[in-house]
Amino acid sequence: MQQDDVVEPRVPVKDELKKRTVKGPDGFEFEVDPIHDYYCDARPEVRPGSYLKIVEDLFNWARSESLWILGFGTGCGAIEMRPLMTPRFDAYRYGIQWRPTPRQANLFVISGYLSVKTLKRVIRSYEQMQNPKYVVGLGSCTVNGGMYWDSYNTIKKLDEYLPVDVYVTGCMPRPEALLAGFEELKRIIRAGKGEGANLYAKNFDWYKANQKRVIHDWDMPDYNW
Amino acid sequence: MTFEWIKIPQSLLTLFIVLNYGLLLTALVQKIAARAGRRHGIPIWQNYVDLLKNYGLRTNITHGVMYYLGPVFRLSGGVGLLLFVPTIYGSEMFSNLSFAGDLILALYFIFFGTLGMALGAGESGHPHAAIGVSRGLSQVTAAELPLALAVFSVALQYHTLSVTDIVAAQQGGVAHWTLVTNPLAVVAGMFSFLGSMMRSPFDVVLAPQEIPIGPPTEYHSSYLALMQTNRAIFPVAKMVIYMNLFFGGASSWAEFCLKIFLIYMVSALVGVVFPRFRVEQSIRWFLTWAVPVGVAAILLV
């Protein structure tokens with residue numbers, strides 16, 4: 001893994017994203033910087049768990065029994081999640097629910113191949129989720145590229161861009177396999193090993209360098225909550 | 001008039017019972033709605049786990065002061081509504097902080113949380129939140145009209161604005177309930193009830209599980225947990241008002257649980273049968289069907 005080759009964006013920043021001065025309707029002039037995040041652009045920090053082990057164990061149990069999935073289908077595997085919501089498989093029985101906003105979700109299912117364009121949105125969505133958060137890679141495409149291994153426009157190993165907790169392999173895996181993956185994730189969380197968010201914060205520079213190597217038009221904050 | 005300090009722990013006990021009952025009841029109704037769709041639905045204790053998880057998240061971010069206060073207003077709306085009406089009729093212990101003119105205050109508290117939420121969600125700056133708030137306020141305003149008319153009708157009927165007195169007038173069997181003595185007011189009130197329970201056909205505000213979740217789009221961790229706490233308390237508190245005004249109140253906790261469950265089931269049954277209204281459709285529905293019934297209830301009382 002070379003880390004030194006690309007950091008500079010190769011595509012020039014779009015005009016509408018450049019810093020500029022805007023005159024309001026009342027004649028008041030102010031500066032606008034679309035790429036700057038006004039709320040929080042601080043680097044992520046490693047957040048330790050609760051001081052008492054018994055409290056952290058209780059929270060981990062609650063986290064494992066209340067997995068809220070971000071409703072963001074990145075690839076063809078998103079179609080495998082629909083049967084989970086409906087009577088045939090009914091994942092709600094296992095405390096798994098879907099949320100439409102990254103703020104409330106804590107599980108990101110990367111459903112299948114990830115094009116570079118989508119990776120950008122995935123990174124922003126992932127960073128807006130709150131610690132602790134988990135990532136499940138669905139399908140072989142997330143492991144090694146799968147049938148897209150020689151595509152010019154998809155990433156091969158998801159693990160280089162986001163910390164992955166569980167892989168569910170197959171092309172495509174059936175909904176049962178996804179359910180088995182969620183059960184495995186629950187075991188990982190209960191054992192206190194679901195610390196992807198802290199891993200991301202700890203190796204932040206490495207992840208950012210990897211992300212910027214494939215995303216050439218990087219026109220967003222380095223980190224945004 | 002002297003204030004009895006024992007009322008504070010007694011009210012907190014009411015709050016505790018209602019919170020737990022609300023958490024279990026909402027999960028149960030969700031399960032029943034899931035069964036109507038041939039699913040098993042969430043476990044009955046799921047709401048507790050969700051609450052615990054959201055309180056246990058390690059990070060949260062803020063968008064400003066109103067963003068903090070939104071969930072607080074929402075929760076104080078629910079708690080205030082519960083504490084200012086008598087929960088159990090005839091029980092000194094669970095009459096809470098009710099007083100002579102509490103009906104007007106209760107009407108105010110029903111609206112209070114929505115307004116606080118509007119301010120808080122507005123400050124989060126998310127377009128989905130703004131859309132949700134504008135939808136929610138227009139729908140709640142339209143749904144509030146028939147309720148206000150029904151409440152005035154009931155107040156005219158019993159010549160009082162005190163919830164306790166209204167419940168007292170309905171004692172002595174089903175024949176004395178407002179349901180029988182003033183059915184038009186009850187129908188108008190129940191129409192309004194459908195609109196304020198956030199269930200289909202009037203759930204376009206939250207539009208659960210779709211792209212725009214509405215006002216709480218930006219809310220997470222403890223903020224969201226506060227709002228979930230309110231989502232357990234507020235419906236029960238609102239149904240306590242309905243139970244007291246229209247269905248004879250409750251003289252024991254068992255009667256309370258049964259009546260609240262049955263009132264909730266009205267909106268749940270309607271919800272699993274009818275598809276969703278758009279906002280302008282639901283407002284038109286309230287104005288053409290519910291408001292005339294409310295006006296008739298006032299004219300004929």
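This is a predicted model: local features need pLDDT of at least 70, side-chain atom pairs count only at pLDDT 80 or more; totals for chains, interfaces and linings use all residues.
Let me begin with the interface. Between chain A and chain B an area of about 3000 Å² is buried, and carbon and sulfur atoms give 57% of it. Four salt bridges are found across this interface. One salt bridge joins B:Arg58 to A:Glu195, whose closest N and O atoms lie 2.9 Å apart.

Rolling a probe the size of a water molecule over the atoms shows where empty space is left. How many cavities of 30 Å³ or more are there? The count comes to two.

The largest cavity has a volume of about 120 Å³. Its lining is made up of 15 residues, and those nearest its centre are A:Pro44, A:Asn131, A:Lys133, A:Tyr223 and B:Thr59. Which element gives the most to this lining? It is helix 6 of chain A, residues 196-202, with four residues. By class, the lining of the largest cavity has seven nonpolar, four polar and four charged residues.

The second largest cavity holds about 30 Å³ of space. Lining this second cavity are B:Leu103, B:Ala106, B:Leu107, B:Ile110, B:Leu147, B:Val151 and B:Ile241. Two or more residues of that lining come from each of helix 4 (102-124) and helix 5 (127-158) of chain B. Helix 4 of chain B gives the most, with four residues. The lining of the second largest cavity divides into seven nonpolar residues, with no polar and no charged ones.

Helix 4 of chain B also holds B:Phe112. Leaving aside residues up to four places away in sequence, B:Phe112 touches B:Phe73, B:Ser76 and B:Gly77. The C-alpha atom of B:Phe112 is separated by 28 Å from that of B:Pro275, which is 163 residues away along the chain.

Helix 1 (residues 7-36) and helix 2 (residues 46-55) of chain B pack at an angle of about 115°, and their axes are 8 Å apart. On the side of helix 1 of chain B, the residues that meet helix 2 are B:Asn20, B:Leu23, B:Leu24, B:Thr26 and B:Ala27; their partners in helix 2 of chain B are B:Asn47, B:Tyr48 and B:Leu51. This contact comprises five nonpolar and three polar residues, and no charged ones.

Finally, some points on the backbone. Most residues other than glycine have a negative phi, and most peptide bonds are trans. A:Pro132 belongs to the loop between helix 3 (116-128) and strand 6 (134-138) of chain A. A:Asn131 was also named among the residues nearest the centre of the largest cavity.

In chain B, a cis peptide bond joins B:Ser200 and B:Pro201, and here omega is about 5°. B:Pro201 sits in the loop between helix 8 (183-196) and helix 9 (221-246) of chain B.

A:Asp90 is placed in the loop between helix 2 (82-85) and strand 4 (96-99) of chain A.

How values were computed
Residues are numbered from 1 along each chain as its sequence is written. Chains are lettered from A and ligands numbered from 1 in the order in which they are written. Side-chain values use heavy atoms; hydrogens and water are left out. On a 1 Å grid over the protein atoms alone, a cavity is a set of points where a 1.4 Å probe fits but cannot get out, and a pocket is an open set with protein on both sides within 12 Å along at least five of seven lines; lining residues have an atom within 4 Å of a point. Grid points are joined across faces, edges and corners, and a volume is the space filled by probe spheres set on the points. Ala, Val, Leu, Ile, Met, Phe, Trp, Tyr, Cys and Pro count as nonpolar, Asp, Glu, Lys and Arg as charged, and the others, Gly among them, as polar. Axes are lines fitted to C-alpha atoms, for helices over the stretch in contact, and angles run from 0 to 180 degrees between N-to-C directions. Contact means heavy atoms within 4.5 Å. Buried area is the accessible area (1.4 Å probe) that two parts lose on being put together, summed over both. A salt bridge is a side-chain nitrogen of Lys or Arg within 4 Å of a carboxyl oxygen of Asp or Glu.
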